[in-house]
Amino acid sequence: MAVLLNTTYLHQSGRLWNYKDVISMFLPIPAYVFGFTEHFHFFSGVMCTLSVVSLLLAAVMVYTQLLHICYGKTAYERKHGISDYAVDWQSTLREISGSRWYLALFTSLVPSPRHGNGLDLKTASEIKVENVKSV
């Protein structure tokens, strides 16, 4: 984002681009070390870099959590082929989010009581037996 703001500033000021401007836009730390940029431009470039890195790390964490929910297994269970607790993703989502799972997806302010204590989990065969009994 800071790179885009810097290009807009250069375009509006009517300055011609030179190699120092290009270095300062894409490599803010070396540009600051060699004196091509001011303190403010260096600070905005570092903040932009930190925000992009934070966004990427958060996206990776969300992706891994969604994989665990979709497969119904932890990373250890997937690696070692354990499928005792593997159920479909809807059941896993209900187990994680509670009885009001559809509201818990959007806000954490709505109470959504969970079934059980979170330590004693039912196996896939026990859940299938309960579903057959309820029909």
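Glu77 is buried but takes part in no salt bridge, and Lys73, the nearest side chain of opposite charge, is 7.1 Å away. A salt bridge requires a side-chain nitrogen of Lys or Arg within 4 Å of a carboxyl oxygen of Asp or Glu. The model discussed here is predicted.

Glu77 belongs to helix H5, which covers residues 75–80. Beyond its neighbours within four places in sequence, Glu77 is in contact with Gly72, Ile82 and Tyr85.

## Overall composition

The protein chain holds 8 helices and 0 strands. Read from the N terminus, its elements run α-α-α-α-α-α-α-α. The chain has 135 residues, and 18% of them count as buried.

The accessible surface of the protein chain is about 10700 Å², with 67% of it belonging to carbon and sulfur atoms. Among contacts between residues at least 6 apart in sequence, 21% join residues at least 24 apart.

Ile29 is placed in helix H3, residues 28–33. Together with Val33 and Phe34, Ile29 forms a nonpolar patch on the surface, and the accessible area of these residues together is about 350 Å². As a general point, an α-helix has 3.6 residues a turn, so residues three or four places apart point the same way.

Helix H4 spans residues 39–71 and includes Gln65. Gly45 also lies in helix H4. Which of the classes buried, partly exposed or exposed applies to Gly45? Gly45 counts as buried because its relative accessible area is 12%, and the cut-off for buried is under 20%. Gln65, in contrast, is partly exposed, because its relative accessible area of 49% falls between the cut-offs of 20% and 50%.

Each of these positions can also be located by a C-alpha to C-alpha distance to a residue elsewhere in the chain. Gly45 and Leu27 are 18 residues apart in sequence and 8.5 Å apart in space. For Gln65 and Ala75, the sequence separation is 10 residues and the distance in space is 9.9 Å.

## H6 and its cover

Helix H6 comprises residues 89–97, and its buried residues include Ser91, Thr92, Leu93 and Ser97. Part of the cover over the buried residues of H6 comes from H4 and from helix H7, residues 101–104. H6 is followed by Gly98, which has a positive phi near 100°.

Ser112 sits in the loop between H7 and helix H8, the latter covering residues 124–134. Is Ser112 buried or exposed? Ser112 counts as buried, because its relative accessibility is 14% and the limit for buried is under 20%.

Methods. Residues numbered from 1 in each chain as written. Predicted model: local features only at pLDDT ≥ 70, side-chain atom pairs only at ≥ 80, totals over all residues. Heavy atoms only, no water. Patch = residues over 30% accessible without salt bridge, like charges linked within 9 Å, V, L, I, M, F, W, Y side chains within 5 Å. Areas by Shrake-Rupley, 256 points an atom, 1.4 Å probe, with all protein chains shown as cover. Helix = DSSP H or I, 4+ residues; strand = E, 2+ residues; numbered from the N terminus. Buried < 20%, exposed > 50% of the residue type's maximum accessible area, 1.4 Å probe, protein only. Lys, Arg positive; Asp, Glu negative; His and termini not counted. Contact = heavy atoms within 4.5 Å.
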